[in-house]
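Hello,

Here is the structure I promised to pass on to you. Have a look at it first, and then read on for what turned up.

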Amino acid sequence: MENLASLSLVAVYSAMGVYTLAFIAFTLDLAKRSAELPARAASGAAGAPVIATAAASVRGSAAGGTAVLEREKTLKPENKDGSRGGATVYQRVAFALAIIGWVLHLAATLTRGIAADRVPWSNMFEFGLTATLLGMGTFLGVQLWKDVRYLGAYITGFTVLSLGIVTVNFYVDVVPTPPALQSAWLIIHVLVASLATAFFAIGAGLSTMQLLRHQREVRKTAGLRFLDTVPGASTLESLAYRINVVGFVFWTFTLVAGAIWAERAWGRYWGWDTKEVWTFIIWVLFAGYIHARATRGWRGNRSAWLAIVGFGAVIFNYTIVNLFFEGLHSYSGI
Amino acid sequence: MEPLRPSDYDDGSGAPAAIDEGPGRASADGPTQPRLGVVGWVRFVWRQLTSMRTALVLLLLLAVAAIPGSLVPQRSSNPNGVVQYQRDDPELFAVLDALQLFDTFTSVWFSAIYLLLFVSLIGCIIPRTTHHWRAMRSRPPKTPARLNRLVGYREADARGSVEEALSAGEAVLRRQRFRVERYGDSLSAERGYLRETGNLVFHMALVGVLATVGFAGGFGYNGQKVIVEGQTFVNQLTTYDTFSASRFFDDSRLDPFSLRLDEFEGVFEAAVDEQSGALLAQPLDYTATVTVTEANGESVQRDIKVNAPIDIQGMRAYLLGNGFAPVITVRNADGDVVFDESVAFLPQDSNLTSLGIIKVPDGLPEQLGMIGFFYPSAVQLESGALSSVWPQPDNPVLTLNVFQGDLGLDDGVPRNAYALDVDDLEQVTGGETGTESIVLGLGQTAELPNGWGTVEFTALPRFVSIDIHHDPTQLGVFVSTVLAIAGLIVSLFVPRRRVWIAAEQTNDGVRLRYAGLARGEDPNLDGAVERVATEHLDRLGGRVETSQPAPVASQ
Ligand code: HEM
């Protein structure tokens, strides 16, 4: 079992290495997009493809049946949502590297769980390992639904940073779980919390893109020209919303499963313990975000800021609150 | 781009809706405006309070107001922390305490925010419920004149008559679970009423949670009791070590039952600490085996574990802590027993080095107090001090520092059983007295100083501390929570949409126009319109090519 645990650690470091390469490639991709754009714009066809496709699709549907339209849509998703340009070589390489890194990451997490003979999310190191695995997994999985590879640099960068921090600072050997943490509800609670975190991370990335993109649309700011290759601010906003509401549902489950666990372990389902306070704050922030999306004057930038603040609170809850705040949860920390 | 919303979309922002005004808001505009009387003002305030913007601001305020509850210790969850805070910084403490920061969640300001929020919520739910009730029973609205302004607009030509096209359309829409209404040569269809139902259920369930906690919470109580192996606890107010109850509690509510601790077992695993190389004990499992005798006289044996409380007549018993409770027997110089009790020793470290206080008030020349240290697996360190290396009683050793004098028990001030007030006591063994502490193995006896008699370490049972709760809010909160989650999922993921099909006779068939409109977020609307159109055209025998190109959709 000792060996398996060290094998797991080797896999963690390998995954970090591959992710770092993916991060570099994703960044190069963004840089290349920024560099290449003027050339494309100069050809004079900047906005044209969008309109052309839209027109073609209507005419196509009126004339030739919808099968054509379907195929068109799957072939050119970027164009449908208002962005320009397809995947560059860098992006493809980066994405492939991200998948390889993820497989290593998965192996690391599984071997850790087997070595410990329990779920691999019982302390800060393991939670960090699993949460980033789910985060990357969600990012990779979302591709099947929408092309959000422009978030690659953000997600891989964030993952490498988090993995590095938890491995260097919070690594602990495999130890058995104390009785207070032996509960199916805890397993569910932490798993769902990680999933929610994964979705909020992607949501926050999209919201950040949305703000940058909006800035560029309105102010015509220079620099960050790759932004012209991502979808428009309102498309990003609606993508972010759909990701964040899934995160919100998971967070609601987190809160409820945590309450059930607390009821079993401590005899009350809610006692405003430090961790409970922050779970509540995060839940209310995202409820606020959902309301903001339906309130005049709060759609757009303000709601994007709320989503980012909400994700910030999630990170704060995991790091600062775990490490520096007193409470019943502190013994589950490092 | 603002998503287009149905004209009767009520987002609670108070902005006038074009058709179908909500009942509450039609009257406040109009003629009353020049003189805002008392009624006008009340209406105005009410409308502000129940607006979506206010709800949002209150939600954000609630999040911010909860933060202090995590920054400073709270009396409700960490009373010792509050006492410590006061000791460390009395001046700051006074200021923060005046601001009710140590009682954040019952403070005036926090309560004000959530009460306003819930007033706003109720003020929001009521008109929306009546509105939704009427919407569910009314026909889908008239087909707009300019469908090409709407989402997913498309045209197609097909064979057949308008009549055929419309009845085929009706069948398709019904099959896709739309409610359909015919207006002239067009169909108006709507589906997804469940979205609003879910939303209302969700918000009502939140009110349900608060109401349950507010009312049923008043009947709750909880108490703690230390029970030694072999001892029986009887559920009466006077037998608890500590007890706290809510507003409406009276002690006739305590159901009679008794609970005997038959056995306690702890299971540990050894691990080696990387840095120090020391052996660490990792607790794996704690089990308290108890016999519960209920009011009807039936007895059953059951196990209580850390995450597995047991239910007893609507109450719950939890295993909170555990430790050793050495039985100590004190005899006076004549050999008469003056003290014979098991004393719960409180664990001080992971190897269960424990601290206990023994008070012998009667039967000796003076009152006697002892501070005892208990080592389950004692070893002697180089310094001569004892230390426990393992939490199981492999080599149990008890050391006693003896004090004599006045225990201070008689002046009517309640005394903490786990502390010895040494003000009026004189230490006679251990420390700087020059006399060694008394050291006892299990079953051993030692002389007390001054020839007062003997002390014996007679037996070594274990104790557990049991927490008994009655929380009548659980059921209500649970049901409300389940409803809230169900409502939430439905309202976030069921799309509410309207779709129209308009037919128009042409020379060689019908020209069909399709369009949709969503309420709220619905990025798949275009696809939904397309599905309707495809199925409809399939039913009509396919599209027909025409010479005349269809116009491009205008945004
Ligand atoms: C106790 C505080 C509240 C919380 C925690 C809360 C939470 C939520 C959540 C999670 C949603 C999204 C799920 C759904 O659509 O059902 C939502 C939606 C909504 N809430 Fe609330 N809410 C609260 C108070 C209010 C109040 C006071 C109002 C009225 C002013 C309100 C009006 C709405 C509306 C209109 C929606 C639908 C938004 C949309 O169309 O997307 N809520 N709320």
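Before the rest, some housekeeping. This is a predicted model, in which local features need pLDDT of at least 70 and side-chain atom pairs count only at pLDDT 80 or more, while totals for chains, interfaces and linings use all residues. Residues are numbered from 1 along each chain as its sequence is written, chains are lettered from A and ligands numbered from 1 in the order in which they are written, and side-chain values use heavy atoms, with hydrogens and water left out.

**The strands around that pair**

Strand β4 (residues 221-228) of chain B runs antiparallel to β6 (residues 242-245) of chain B, and 4 bridges join them. (Strands are DSSP runs of E with at least two residues, helices are runs of H or I with at least four, and both are numbered from the N terminus; two strands pair if DSSP finds at least two bridges between them.) In this pairing, Tyr221(B) stands opposite Ala245(B). β4(B) also pairs with β24 (residues 462-470) of chain B, in the antiparallel sense and over 8 bridges.

**The ligand site**

The ligand is surrounded by 25 residues, and the closest are His291(A), Cys124(B), Arg128(B), His203(B) and Ser491(B). (A residue counts as near if one of its heavy atoms lies within 4 Å of the molecule or strand.) These surrounding residues come from chains A and B, so the site is shared between chains.

Several polar contacts are found here (pairs of N or O atoms within 3.5 Å; within protein, one must be able to donate a hydrogen and the other to accept it, and residues adjacent in sequence count only if both atoms are side-chain atoms):

- His291(A) has a side-chain N or O atom 2.4 Å from a nitrogen atom of the ligand.
- Ser491(B) places a polar side-chain atom 2.5 Å from a ligand oxygen atom.

The elements giving two or more residues to the shell are α10 (274-292) of chain A and, in chain B, α2 (52-66), α6 (108-137), α8 (193-215) and α9 (474-493). Of these, α6(B) gives the most, with 6 residues.

What holds the iron atom of the ligand on the protein side? His291(A) and His203(B) coordinate the iron through their NE2 atoms, at 2.0 Å. (Donors are N, O and S atoms within 2.8 Å of the metal, or 3.2 Å for Na, K and Ca; water is not among the atoms, so sites may look incomplete.) His291(A) lies in α10 of chain A and His203(B) in α8 of chain B, so the pair joins two chains.

**Two open sheets in chain B**

One sheet has 4 strands in the order β5-β7-β8-β9, paired antiparallel. β5 (232-234) and β9 (299-305) each have a single partner strand, so one side of each is left without a neighbour in the sheet. β8 (residues 279-293) pairs with β9(B) over 7 bridges, and Val290(B) stands opposite Arg302(B).

The other sheet has 5 strands in the order β1-β26-β25-β3-β2, again with antiparallel pairing. Its edge strands are β1 (151-158) and β2 (179-183). β2(B) and β3 (residues 186-191) share 5 bridges, with Val180(B) opposite Ala189(B).

Best wishes
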